[in-house]
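Thank you for making the time this morning.

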Amino acid sequence: MTLMHTELTQRFGLRLPVLAGGLMWLADADYVAAAAHAGALGFLTAASFPEDAQLRAEIARAQELCQGKPFGVNVSMLPKLVPGERTEQVFRTAAEMGVEVVETSGRNPEPYLPLLRELGLVVIHKVPAVRYAIKAQQVGVDMVSVVGAECGGHPGMDMIGSFVNAAMAGRDLNIPFMIGGGVGHGAQIVSALAMGAAGVVMGTRLLVAQELNAHPDYKRAIAEASERDTVLTMSSVRNTVRTLANETTEAVTRMETDNPNVTIADLMPLVSGQIGRKAYETGDVSRGLLSAGHALGLTGAVQPMAEIFDQLEQEACQALARIDTLRAPLTEVA
């Protein structure tokens, strides 16, 4: 049963207006299936499956596990087109496999929109600021997600908070939009909808899902961490990232502080995604840039995905009930 009717829930038949965002190395078939059965729309991360055959196999596995419930494919485009980039092939593969929706990010999707329209894919473009969402609206995407400074991963360079993003998006956008960044409580869903959003994006809150294919020690570390346990690095190379504070973030911060001219090549031995991937496999969270946002303050225990969404729904119902108590009787208003 759908608790809240929005453009997002109605288009995809969701229980709650929630996107389970693509998580590098973690957003696989088990993740999107758990999200789908809990009533959300999850995204496989295409970059986690670098070969087309791998991606096809994972989409097929997701289709089997989701049992007809919707899921999408996350396509993170590098800021600049580089030789050998697979973006167009990923779009074609997703469409050929029967996927209905893609989550794009990284750069302006305008060059791909004719192809995406031809393939019949719904495009949800993720941006780090409302000003980029306005541009995405102008070029013709179907929906946008605006993630604020609180988000894990890449919050962009503007560092505008989610609460301000939501109000600005409600004022400036005409297409359906979602709000992300620090979202991990049902009351935040209601707040976002009240400001005009069609839903929210969650990532960090779902890192403690039992179905997530990550080491139990990693998930325990996430559950025990607080909203104070993240740090921003890589602003010096205009690639700001919010991650779990650890030995790697300390070393990166020292390098950025000591060398104002530091380059991404200088940082790569510390920040390579393959290092972070090891943490998911071993549970050792002391090394690697492990994306995590302020919603760490809302992740108190490792739980099945269904329980997480039961809790979100309960919290949303409580928030809606509080709003009802604030409404003045019609006779009093008159």
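This is a predicted model: local features need pLDDT of at least 70, side-chain atom pairs count only at pLDDT 80 or more; totals for chains, interfaces and linings use all residues.

Helix α8 itself covers residues 186–194, and the buried positions in the helix are Gly186, Ala187, Ile189, Val190 and Ala192. As a reminder, an α-helix has 3.6 residues a turn, so residues three or four places apart point the same way. Just after α8 comes glycine 196, whose phi is positive, at about 110°.

Let me turn now to the aromatic side chains, where the structure holds two pairs. In one of them, the ring centres of phenylalanine 91 and tyrosine 112 are 5.5 Å apart and the planes meet at 70°, so this pair counts as edge-to-face. Because phenylalanine 91 sits in helix α4 (residues 87–96) while tyrosine 112 belongs to the loop between β4 (101–105) and α5 (113–119), the pair ties together parts that are 21 residues apart in sequence. Are these two residues, phenylalanine 91 and tyrosine 112, buried or exposed? Both phenylalanine 91 and tyrosine 112 are buried.

The other pair, formed by tyrosine 218 and tyrosine 280, is also edge-to-face, with 5.0 Å from centre to centre and 80° between the planes. Here the partners come from two helices, tyrosine 218 from α9 (residues 216–224) and tyrosine 280 from α12 (residues 273–282), and therefore the contact ties together parts that are 62 residues apart in sequence. Tyrosine 218 counts as buried because its relative accessibility is 0%, and tyrosine 280, with a relative accessible area of 9%, is buried too.

Stepping back to the whole chain, we have 14 helices and ten strands. Along the principal axes, the C-alpha atoms fill a box of roughly 70 × 45 × 35 Å. Of the 334 residues, 51% are buried, and among contacts between residues at least 6 apart in sequence, 62% join residues that are at least 24 apart.

As for the surface, the chain exposes about 14800 Å², with carbon and sulfur atoms supplying 53% of that area. Finally, the chain carries 26 positive and 36 negative charges, and the mean positions of these two sets lie 3 Å apart.

Note on methods
Residues are numbered from 1 along each chain as its sequence is written. Side-chain values use heavy atoms; hydrogens and water are left out. Helices (H or I, at least four residues) and strands (E, at least two) are DSSP runs, numbered from the N terminus. Buried means under 20% relative accessible area, exposed over 50%, partly exposed in between (1.4 Å probe, protein chains only). Contact means heavy atoms within 4.5 Å. Accessible areas come from the Shrake-Rupley method with a 1.4 Å probe; for residues, only the protein chains shown count as cover. Lys and Arg count as positive and Asp and Glu as negative; His and the chain ends are not counted. The place of a charge is taken as NZ of Lys, CZ of Arg, CG of Asp or CD of Glu. Rings of Phe, Tyr and Trp (its six-membered ring) pair if their centres lie within 6.5 Å; planes under 30 degrees apart count as stacked, over 60 as edge-to-face and the rest as tilted.
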